[in-house]
Amino acid sequence: MEKSSLITKEDVLKIAALAKLSLSADEVSRYQSQFTKILDSIAELSRLNVENVPPTSSVLGLKNALREDEIASFENMEALIDNAPEKDGPYFKVPKIIE
Amino acid sequence: MKHLTSLSAAQIAKNVSDGSLKAEEVAAAHLSRITSEDPKVKAFIAVLEEDALEAARQIDSKRAQGKKLGKLAGVPIAIKDNILVKGVETTCASKILKGFKAPYDATIIEKLKQEDAIVIGKTNLDEFAMGSSNENSAFFKTRNPWNLDAVPGGSSGGSAAAVAAKMAPLSLGSDTGGSIRQPAAFCGLVGLKPTYGLVSRYGLIAFASSLDQIGPMARSVEDAALLLSSIAGHDLKDSTSSPQAPTHFSGKPLESARGLRIGMPREYFAEGLDPEIRKSVWNAVNFLKTIGAEVKDVSLPHTAYAVATYYIIAPSEAASNLARFDGVRYGRRAQDARSLSELYEKTRGEGFGPEVKRRIMLGTYALSSGYYDAYYNRAQKARTLIAQDFENVFKEVDFLATPTTPTAAFKFGEKSSDPVAMYLSDIFTIPSNLAGNASLSIPCGLTKEHLPIGLQLIAPAFQDEKLLALAATVEKAVCFPQLTGHG
């Protein structure tokens with residue numbers, strides 16, 4: 001994380017592909033310049049000495065929250081399926097993924 | 001019916017319970033206030049007129065049958081539109097969720113209904129709660145009732161504006177980096193970010209799960225405490241909710257502040273702080289001194305790293321949480337996708353607005369191979385240091401007093417083209433989310449331009465009751481003016 005983390009157009013396209021976001025050419029160039037600026041503004045973190053500091057995993061120090069694994073019924077199944085943009089009976093419909 | 005909309009929630013609940021007021025009259029008065037005010041303020045995405053009146057009539061008939069009513073009998077509450085209310089469209093102010101009807105109530109909504117509260121509407125927010133001005137809503141901008149040219153703050157801007165403009169006596173917001181406290185400060189309200197784990201988030205659409213917390217927004221500390229008492233508590237459906245979470249809060253002022261130690265962290269009073277805000281905050285603190293509090297200069301040395309830490313952690317969690325919006329199970333789906341991957345990409349590309357995409361991209365970058373250690377892991381270590389700052393300082397003092405925001409409400413467009421400038425408006429609120437402690441904003445004065453100023457009071461985790469008591473003490477001294485009629 002050095003000062004002036006220059007972000008290229010290719011970087012933006014690569015991140016967008018990882019995030020499954022289609023971006024317009026306009027968005028790509030906008031995010032490219034904004035990213036460089038945002039990353040510069042957070043570059044100060046690289047100057048902080050974090051040697052031997054454990055990363056935070058829970059702010060309250062809560063460990064495992066365990067309970068019995070019991071089956072509970074959800075009353076409103078139909079409403080779940082009704083929210084789908086495309087459905088087939090009680091199934092969500094997606095484009096074919098296996099030829 | 002105007003006076004009914006000026007009543008406190010506590011007063012409404014008392015009067016509806018003892019039969020001196022009908023829940024239906026109260027609901028009708030607030031609905032009529034919404035009809036007259038909301039075209040200007042635009043706090044609501046949806047007004048649940050029929051549902052609210054029906055719920056009110058049921059409460060009235062419950063009382064007529066001699067049944068005891070709940071803590072929030074007949075109190076209308078506005079709900080931020082990232083919280084699920086069964087059968088009602090929940091949008092997160094995003095196009096991607098258009099048409100999504102909540103299949104169940106959030107735990108806190110169930111609790112509110114059990115206490116005989118009335119859900120009066122769903123309020124506007126920055127899309128997926130990402131923003132500090134409400135300008136990131138995909139639908140429209142909510143305006144600040146104190147000055148319609150100013151932003152109401154964000155992301156719970158609609159919830160703040162609804163209560164400030166007396167369209168509801170109470171509202172719920174969610175706070176990830178200041179999203180309750182900053183709009184509360186901008187709109188002259190009490191806004192509490194409870195201790196992390198105090199309130200269940202089952203049914204809150206997640207933004208950054210290690211930071212998100214739901215809390216009350218109100219015109220008085222007593223009302224905020226009343227709402228908190230109704231929603232706090234452990235929930236099996238939210239494994240991060242704390243088994244030690246208390247469930248009763250009174251919000252009664254202290255008789256004296258003798259023996260209380262208040263810390264003023266010097267990093268929060270550095271250059272760049274608006275002099276009017278500095279003065280108002282000091283006035284409130286000086287009052288606490290006169291009633292016996294000991295005021296100490298303290299230091300939270302890692303404060304300068306909080307915004308950077310937050311803008312790695314929050315987007316990383318958001319990138320992961322928002323992966324579920326893919327056009328398969330809910331919301332809108334892009335047309336004409338030829339493959340599953342294209343379906344995801346097009347749906348998300350078309351459905352998310354610019355700030356949401358920016359944060360998903362930032363988080364994806366921080367978590368990607370080769371950058372994880374430099375960004376995400378380093379930020380989680382910095383977070384430990386920031387939390388330790390609070391632990392250390394709370395050995396010396398009981399509370400911290402700071403400004404809630406570096407400036408009062410800014411104008412529309414002032415920061416919307418510069419993400420970094422917008423991010424800095426949360427500089428004083430972010431550290432409490434990173435550390436998980438209890439933190440609230442209470443109005444402590446007005447600027448020359450007649451805009452509210454917020455005092456932020458911070459307490460250690462699970463000291464929410466004491467924090468509310470201190471706030472109530474300040475409230476009594478400040479006598480902050482209620483907003484009466486506006487243009």
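## A two-chain predicted model, starting from a loop in chain B

B:Ala129 sits in the loop between E3 and H5 of chain B; helices (H or I, at least four residues) and strands (E, at least two) are DSSP runs numbered from the N terminus. Before going further, please note that this is a predicted model, in which local features need pLDDT of at least 70, side-chain atom pairs count only at pLDDT 80 or more, and totals for chains, interfaces and linings use all residues. Residues are numbered from 1 along each chain as its sequence is written, while chains are lettered from A and ligands numbered from 1 in the order in which they are written.

B:Ala129 counts as buried because 30 C-beta neighbours fall inside 10 Å. Here a residue is buried if 20 or more other C-beta atoms lie within 10 Å of its own, exposed if 12 or fewer, and partly exposed in between, with C-beta atoms placed from the backbone.

B:Asn134 lies in the loop between E3 and H5 of chain B. B:Asn134 has a positive phi of about 70 degrees too, and is not a glycine. With 32 other C-beta atoms within 10 Å, B:Asn134 is buried. B:Ser155 is also placed between strand E3 (118–123) and helix H5 (157–164) of chain B, and the peptide bond leading from B:Gly154 to B:Ser155 is cis, with omega near 10 degrees.

### The two chains side by side

Here are some whole-chain values for chain A and chain B.

| Chain | Helices and strands | Span along principal axes | Buried residues |
|---|---|---|---|
| Chain A | three helices, two strands | roughly 55 × 45 × 25 Å | 15% of 99 residues |

From the N terminus on, the elements of chain A follow the order α-α-α-β-β. Chain A is more spread out than a compact globule, because its radius of gyration is 23 Å, well over the 13 Å that the globule rule gives for 99 residues. This radius is taken over C-alpha atoms, and the globule rule is 2.2 Å times the number of residues to the power 0.38.

Among contacts in chain B between residues at least 6 apart in sequence, 76% join residues at least 24 apart; two residues are in contact if their C-beta atoms, placed from the backbone, lie within 7 Å.

### Where chain A meets chain B

How many residues does each chain bring to the contact? Chain A provides 39 residues and chain B provides 58 residues. On the side of chain A that touches chain B, helix H1 (9–18), helix H2 (25–41) and helix H3 (77–82) each supply at least two residues. H2(A) gives the largest share of that side, five residues. By type, the residues on that side of chain A are 28 nonpolar, six polar and five charged, where Ala, Val, Leu, Ile, Met, Phe, Trp, Tyr, Cys and Pro count as nonpolar, Asp, Glu, Lys and Arg as charged, and the others, Gly among them, as polar.

### Two domains in chain B

Chain B is assigned domain 1 (1–300 + 382–487) and domain 2 (308–373); these bounds come from an automatic or database domain assignment. The C-alpha centres of the two domains lie 28 Å apart. Their contact takes 29 residues from domain 1 of chain B and 20 residues from domain 2 of chain B. On the domain 1 side, helix H12 (373–396), helix H13 (419–424) and helix H14 (430–435) of chain B each supply at least two residues, and H12(B) gives the largest share, three residues.

### Enclosed elements

Is H9(B) largely enclosed or open? Of its 16 residues, 14 are buried, so H9(B) is largely enclosed by the rest of the structure. Strand E6 (residues 213–218) of chain B is also largely enclosed by the rest of the structure, because six of its six residues are buried. Strand E4 (residues 170–175) of chain B runs antiparallel to E6(B), joined by six bridges; strands pair if DSSP finds at least two bridges between them. B:Ser171 has B:Met217 as its bridge partner in E6(B).
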